[in-house]
Amino acid sequence: IAAGVKLFKDLGNLPPNLCTPAFLAEQARVLAGEFPALRTTVLDEAEMERLGMGALLAVSRGSAQPAQLIRLEHRQGPATRKPQVLVGKGVTFDSGGISLKPGEGMDEMKYDMCGAASVLGALRACAELQLPLNVIGLIPAVENMPGGQAARPGDIVTSLSGQTIEILNTDAEGRLILCDALTYAERDEPAAVIDIATLTGACIIALGRHPHGLFSNHPPLAHALQSAGHTAYDRVWELPLWDDYQEALDSNFADMANVAGNRDGGAIIAACFLSRFAKKFHWAHLDIAGTAWKSGKAKGATGRPVPLLVQYLLDRAAEAEREGDRAAH
């Protein structure tokens with residue numbers, strides 16, 4: 001677990017001119033080379049275009065760095081057992097795009113790939129622990145820049161799910177790359193999908209910097225993550241995902257907007273957006289905007305939530321072992 005945390009911290013702390021989407025893809029290949037249990041494949045922009053990932057590709061259009069969809073597989077459980085899927089937001093630098101962020105503190109937007117670093121760290125730990133599980137890591141990796149080809153506020157894109165999205169704010173880009181990755185995860189018929197993302201400043205306003213924000217459409221999955229967080233002392237706090245919030249994403253021109261018209265419940269609204277792409281499986285969303293790195297004199301990546309994710313997977317391995325024992329008897 002410490003090795004997984006170290007990998008996260010090293011990747012998070014790298015400067016964004018080195019840690020690009022292609023660099024993250026290369027790190028996945030390096031891991032697969034080091035651990036025979038891991039296998040990696042990477043989709044390029046042409047392949048994503050053919051699949052119809054219009055939301056993800058809209059984010060990378062303004063950058064000279066091409067997007068990558070990284071897939072890292074650890075298949076050490078029975079072939080019939082459904083996989084646990086971890087989806088990590090991999091925005092290697094987030095300028096905000098056309099909806100440009102203020103300059104102060106923008107250097108910290110190199111940490112917007114900490115969800116991706118969480119997935120790589122957790123998969124590394126899985127491989128080293130030789131967990132008898134099937135785990136798949138999916139990392140949509142992009143850079144969000146305000147180039148001449150960049151998506152504009154008012155653009156409408158078609159996601160991989162077929163749902164259309166009116167982009168009202170290009171700085172709400174994480175949910176655009178994650179929604180296509182969540183739809184892509186359907187093909188694995190997962191036991192559960194957990195996405196991990198430095199998604200909203202609103203989560204920091206709501207919870208501060210101690211717990212990760214947790215949202216889920218499946219109470220047993222939420223409980224399993226709360227229990228793992230308690231064991232690993234890498235804590236979460238669950239926030240509501242009620243239908244009452246969904247109308248904030250209404251659009252006159254598309255199936256939905258990517259942001260609400262006001263700032264109320266920003267972390268919840270972002271989770272509500274993602275929930276529209278997670279209806280076919282048990283899903284949880286971890287908003288790690290307040291927990292993935294520290295600012296000021298202690299500036300640096302924390303490695304969280306690698307301990308939480310690995311403990312969750314250790315618990316699933318123990319559960320599978322108990323089921324096997326019962327079946328044997």
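1. Start with strands S6 and S7: in this predicted model, three bridges hold S6 against S7 (residues 164–166), and the two run antiparallel. To find one of these spots yourself, look for Thr158, whose bridge partner in S7 is Thr164. As background, strands in a sheet pair through backbone hydrogen bonds, and they can do so parallel or antiparallel.

2. S6 and S7 belong to an open sheet of three strands, ordered S6-S7-S11, and its pairing is mixed. Which strands sit at the edges? Those are S6 (156–158) and S11 (256–257), each of which pairs on one side only.

3. Next, have a look at helix H6, which covers residues 174–185. Its 12 residues stretch 16 Å from the first C-alpha to the last, close to the 16 Å expected at 1.5 Å a residue. Is H6 mostly buried or exposed? Buried: 12 of its 12 residues count as such. That list takes in Arg175 and Asp180 along with Leu176, Ile177 and Leu178.

4. Then there's the largest nonpolar core, with 59 residues. The members touching the most others are Leu24, Leu86, Leu120, Ile194, Leu286 and Tyr312. Helix H5 (residues 114–129) supplies the largest share of this core, 10 residues. A second, separate core has 52 residues, including Ile165, Ala197, Phe215 and Ala271.

5. Setting aside neighbours within four places in sequence, Leu286 is in contact with residues including Ile194, Asp195, Ile196 and Ala197. Also among its contacts are His212, Gly213, Leu214 and Val236, as well as Pro305, Leu308 and Leu309.

Notes: Residues are numbered from 1 along each chain as its sequence is written. This is a predicted model: local features need pLDDT of at least 70, side-chain atom pairs count only at pLDDT 80 or more; totals for chains, interfaces and linings use all residues. Side-chain values use heavy atoms; hydrogens and water are left out. Helices (H or I, at least four residues) and strands (E, at least two) are DSSP runs, numbered from the N terminus. The expected span of a helix is 1.5 Å times one less than its number of residues. Buried means under 20% relative accessible area, exposed over 50%, partly exposed in between (1.4 Å probe, protein chains only). A nonpolar core is a set of buried Ala, Val, Leu, Ile, Met, Phe, Trp, Tyr and Cys residues joined through side-chain atoms within 4.5 Å. Contact means heavy atoms within 4.5 Å. Two strands pair if DSSP finds at least two bridges between them.
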